[in-house]
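Student: Hi! I have a structure open and would like to talk it through with you. Here it is.
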Amino acid sequence: MMNNAVADALTGTASSSVALTETALADAGITLTPTASPTITPTPLPPTATTYVSPTSTPTPLPTFTPSPTLFPTNTPSSDVEQVDGQIRVVHAWRTNNSVPVDVFIDDMPIAFGLNLGESTPFIAVSGARTVRVMLVPPATRQNDPINNTELVNMQAPLIDQLVEVTPGSSITLALIHTGEDLEGMVIEEDISSLETGQARFTIAHANGNLIRVDALEPGRDMTLARNFAPGDTIGPFDMPVGSLNIELVDTESPEQVVVPAVNVELTSHTNYLLLFIPSVNYQLQTFATELLVFESGTRMSRTDTPIQFINAAPRAGAISILYNNVRFALNLPVGESTVALPISRQSGSLVVLDTQDRDILVTSLGPWNENEVRADKYVVISDLPEEQIDLQAARPTTVEALLYVKDAPSSPVLSNIRLIHALTGATQTLDLEIRATNPRQIDNPIGVPQVAETDLSWSRIIRNVSFGEASNYVTRAANIFDLRVVLSSSGGVQATLQRQAMLPGGVYDLLVVPGTGVGATRLLMMEPSPQISILGSRQGDPEIVQAIVNATLTAAAPDETATVSAPRSPTPTISPVPTNTPRPTNTPRVKLPSVQVDPAPPATVRESFILFGENFAPDSRYTINLDSEPTMLSGQVNTRGEIALTVQLPSNISPGPHVVRVCVDCRSGGAQQEAVAAFIVADPQIAPSSTPQP
């Protein structure tokens, strides 16, 4: 019975929680101090679906008219704009028979996963003049290995692997398009300098390889925007007053022949539009079938502006339009959607919300803003008023209210800040936020539990009891890929989810729970600053940043609370026994937990290999070793003393920075599955070795 008790205790040491990572790192000499910070942040949204307009592609004759030979003149003001970093984003505009979603990496940093046609990543800040590497990769394929109880992940070759120059102050969009035989990344530089009130700006790109050369016209204003417009070309930017923009494409050789009838885009103040013509859904049936993708973004703020976003969380009101100081900032904004960040005056201004019949349902004011609010991102959530608060006797009853939230997250070079905002109109219960880390190549918990074996064990409830209209404090997490879900505080019922969201070092993310478009639907919006903060181009090789990343990634990632499995596979030994009068010896076995160590250990760095020591494992059992939850790279047998000692050669393509080695002993189905992990740091090959000061 003594032997059985020891075996059960050893089996119970297998763990799938991040706490095991903390223990191993402490053994490696890294002090683990989880940050319980009542601070603030995270957002978009990991990629946000972009609306598009599908024009009828059947050519129809049009009376000949003489277009203007000149482009529409720009009226961009020479305003006083602060010097800022450059920024870059990726948009998916590829439509063929074999189009697929893509995962987006910039300088090997995961930005978005499963980016679909018509979607865009957020803008990512790039510090200083820099050339960044953009990779667009199809999602990996996965296959379960029943023998080793692991999941085999097959990475796909990149569709695009391209260097893109991002200069200070520039705004770059890399569009994934197909204009001929091959895919290409179309680099589009947009002008997002500040605009005068009542003005919008647009740039047009031709990304339909099935379309002949055309002239682009604005028939309502009798203007020619471009002549001989070919696939791969861009035109603009053009500044234009808010209102309707109609773009018509005619045959360059026969201008009387309309190739694509006029497509309408409604322009709103201070908004920049990227318009991409791509093949429409029925492009195989109609030669010139074309549709227009519309991607919106904000413009730069001048020193007299303050940023604000409007969110429609009023399902009873339906789509709304927003006027600020009598200028249109949103037209028919759907329920559950948000505007881009828009500049408004630092002084107070009037806000009018209109319903679909242009009746004002809210008249109020915004501002003035105090010193802390001026530079901070702000959200105005338009929510339905409770019916008992509506004055039905009024000539124009107010039926909605404006809820203001200010983003004031603490600054961090390596941690992600996350906050939950409860804007679910009509909900009476409080909400919680749960989170779990996933691997960018494989959905699993941080120490490698296969997808087929996952349970709610890996979910951590990090924010609790947020009431309607309230915003939680910010909490911090080490940058990672996360699944997120909002649950009812009382029952744990899931209300809304987001999967595989990349949260970057230094990123700020506000999670808004709002009504969806359907009856009873709920949506979780991820709101991010534009551009999102990142460490691209900034001190990435700095030892202080490297050490901060190590500390954050390997200590602050620990969940505040981890759910427990209702039926554990084996009893867990009591490590600190309750004092008892029973004198020693006792028949309670003393169990030592499995552990591994690496040499050299952090903060020293590893270059080509390191030595791994393991002890307290089940003797004569098979072990497997993998790095960062990748598939198994080494295997062998524990010696008769329960020890492991070997040299681990690093893969040639491993990236510099912090990594984790995982050892699992007897990991077959039903086996002991003893796991232990240790941290190590891979040296940057471009930095010469030097002695590392001991902490």
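Student: Which residue forms a salt bridge with Arg662?

Tutor: Glu675 does, with the closest N and O atoms 2.8 Å apart. A salt bridge here is a side-chain nitrogen of Lys or Arg within 4 Å of a carboxyl oxygen of Asp or Glu. The pair links distant parts of the chain, with Arg662 in strand β44 (residues 657-665) and Glu675 in strand β45 (residues 674-682), 13 residues apart. Strands (E, at least two residues) and helices (H or I, at least four) are DSSP runs, numbered from the N terminus.

Student: Before I go on, what sort of model is this?

Tutor: It is a predicted model: local features need pLDDT of at least 70, side-chain atom pairs count only at pLDDT 80 or more, and totals for chains, interfaces and linings use all residues. Residues are numbered from 1 along each chain as its sequence is written, and side-chain values use heavy atoms, with hydrogens and water left out.

Student: Thanks! Back to that pair: are Arg662 and Glu675 buried or exposed?

Tutor: Both Arg662 and Glu675 are buried. Buried means under 20% relative accessible area, exposed means over 50%, and partly exposed is in between (1.4 Å probe, protein chains only).

Student: How many salt bridges are there by this rule?

Tutor: The count is 20. One of them joins the side chains of Arg227 and Asp215, at 3.5 Å from N to O. Arg227 sits in strand β17 (residues 223-229) and Asp215 in strand β16 (residues 214-218), 12 residues apart.

Student: How accessible is Arg227, and how accessible is Asp215?

Tutor: Arg227 is partly exposed at 46% relative accessibility, while Asp215 is buried at 4%. Then there is Arg221, which forms a salt bridge with Glu218 at 3.1 Å between the closest N and O atoms. Arg221 is partly exposed, with a relative accessible area of 32%, and Glu218 is buried at 1%.

Student: Which residues are linked in a network of salt bridges?

Tutor: Asp432, Glu434, Arg461 and Arg485 are.

Student: Which strands pair with β32?

Tutor: β35 (residues 480-488) runs antiparallel to β32, joined by 8 bridges, and Leu431 stands opposite Leu488 there. β33 (residues 460-466) also pairs with β32 in the antiparallel sense, over 4 bridges, with Ile435 opposite Ser460. Two strands pair if DSSP finds at least two bridges between them.

Student: New topic: where does Thr299 lie, and what does its side chain reach?

Tutor: Thr299 is in the loop between β22 (290-298) and β23 (305-313). Its side chain reaches the backbone oxygen of His270 at 3.3 Å. Thr299 is buried too, at 6% relative accessibility. Leaving aside residues up to four places away in sequence, Thr299 touches several others, including Ile192, Leu195, Arg201 and Pro343, where contact means heavy atoms within 4.5 Å.

Student: Last one: how much of the chain is buried?

Tutor: Of its 695 residues, 51% count as buried. The secondary structure comes to 4 helices and 45 strands. Enjoy exploring the rest!

Terms used
A polar contact is a pair of N or O atoms within 3.5 Å; within protein, one must be able to donate a hydrogen and the other to accept it, and residues adjacent in sequence count only if both atoms are side-chain atoms.
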